[in-house]
Amino acid sequence: MQLEGAIPQLPFRVLVIVAHPDDIEFGVAGSVANWTDAGAEVTYCIITDGGAGSNEPGADLAALVETRRQEQIAAAEIVGVKDVRFLGYKDGVLQPTLELRKDLTRLIREIRPQRVVIMDPTTILVQGEGFDYINHPDHRAAGEAALYAVFPSAGTRPIFMDLLEAGYEPHNVDELYMTIAGKANLAVDVTDQFERKIKSLLMHKSQLGEDVRQMIEMWDMETGKEVGVKYAESFRVMRFNQSPALPANAADGSESSGSIEADAALENQPTHEPVSSS
Ligand SMILES: [Zn+2]
């Protein structure tokens, strides 16, 4: 796993798409705090209304939806995010429909982010030291719809012609970050942001209490250990529109970058210009 580098250039826009109010705060909010501190503009998109967030018989679910909306806005504010979009889909029964993909395509074309963060749609089961759980189907549905909004829908002119007619020009995303990912390949050092992350998470008062801190500490320390920092969040990252022949990629992807082969490979590559144009 690699450690994330600095944001490439400003202005830098990030769109984070998740299923529920509080999904971002568990695994992404520390990274978001880093990005907004570095000058990035971050937008949150919460697909469902959070109305299944109570198992109490007779709970006032309409009131809960409004409470969770306010909690999410407060949580976003703590890590420097002022733009929070709620799509209002019904919580607990989300499907990766064309309607949802179109809503997300519209948002991507409006915001025009370089980086989009989604929930890994390939994660069905999550197992680790001392915890086993079934990934929520809403997470996978949100991830799948967002994945295919990123590609091919956002960048392809003839898909969703009515969006085009309404002025939403195609847009290509550079980087896809996936959270709750089985094959994480990138860690973001959130050591300096950890207290802010916890504070942000604890804004979801209707869902959780102080005891959540211990769990997050354990998760983020485990990830941190892999890259030599105290606390980290991990993502499976895909980068598009980059030259496959860039020597840095060959070295970065290898565990044995100090080996003779890797060194030789580096020496045989031009070091200034990409070999092929994109
Ligand atoms: Zn969730």
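1. Start with the sheet. Eight strands form an open sheet with mixed pairing, in the order E1-E9-E10-E8-E5-E2-E3-E4. Its edge strands are E1 (2-3) and E4, each of which pairs on one side only. Bear in mind throughout that this is a predicted model.

2. E1 and strand E9 (residues 186-189) run parallel and are joined by two bridges. Here Gln-2 stands opposite Leu-186 of E9.

3. Now take strand E5 (residues 115-119). How many of its residues are buried? Five of its five are, and the strand is mostly covered. Arg-115, Val-117 and Met-119 point one way from E5, while Val-116 and Ile-118 point the other way. Residues on both sides are buried.

4. Strand E2 (residues 13-18) runs parallel to E5, and three bridges join them. Leu-15 has Val-116 in E5 as its bridge partner. Strand E8 (residues 175-179) also runs parallel to E5, with five bridges between the two. Arg-115 stands opposite Glu-175 in E8.

5. The largest nonpolar core holds 59 residues. Which of them touch the most other members? They are Val-16, Ile-17 and Ala-142. Helix H5 (residues 137-153) gives this core its largest share, seven residues. Leaving aside neighbours within four places in sequence, Val-16 is in contact with Ile-24, Val-28, Val-32, Val-42, Tyr-44, Cys-45 and Val-117. Of these contacts of Val-16, Val-117 is one of the buried residues of E5.

6. Helix H3 (residues 61-78) has 18 residues, and at 1.5 Å a residue it should span 26 Å. Its end C-alpha atoms are 26 Å apart, so the two values agree. Its buried residues are Leu-64, Arg-68, Glu-71, Gln-72, Ala-75 and Ala-76. Seen down the axis of H3, these fall within an arc of 135 degrees, so they line one face of the helix. The face turned away from that buried side carries the exposed residues Ala-62 and Ala-63.

7. What covers the buried residues of H3? The cover includes helix H1 (23-27), strand E3 (41-48), strand E4 (83-89) and helix H7 (194-201). After H3 comes Gly-80, with a positive phi near 85 degrees.

8. Helix H8 (residues 212-227) can be read in a similar order. Its 16 residues should span 22 Å at 1.5 Å a residue; the end C-alpha atoms of H8 are 23 Å apart, which agrees. Ile-216, Asp-220, Thr-223 and Gly-224 are its buried residues. Down the axis of H8 they fall within an arc of 105 degrees, so they line one face of the helix. These buried residues pack against E9, H7 and strand E10 (232-239). Gly-228 follows H8, and its phi is positive, near 75 degrees.

9. Some totals for the chain. It has 10 helices and 10 strands. Of its 278 residues, 38% are buried. Among contacts with a separation of 6 or more, 80% join residues 24 or more positions apart.

10. Finally, confidence. The mean pLDDT of the chain is 89, and 87% of residues reach 70 or more. Over residues 248-278, however, the pLDDT is below 50. Beyond near neighbours in sequence, that stretch has 22 contacts in the model. Where pLDDT is low, the predicted coordinates should not be read in detail.

Technical notes. Residues numbered from 1 in each chain as written. Predicted model: local features only at pLDDT ≥ 70, side-chain atom pairs only at ≥ 80, totals over all residues. Core = buried A, V, L, I, M, F, W, Y, C linked by C-beta atoms within 7 Å. Buried ≥ 20, exposed ≤ 12 C-beta atoms within 10 Å, placed from the backbone. Helix = DSSP H or I, 4+ residues; strand = E, 2+ residues; numbered from the N terminus. Contact = placed C-beta atoms within 7 Å. Expected span 1.5 Å × (residues − 1). Arc of directions from axis to C-beta. pLDDT = per-residue confidence, 0-100. Pairing = 2+ DSSP bridges.
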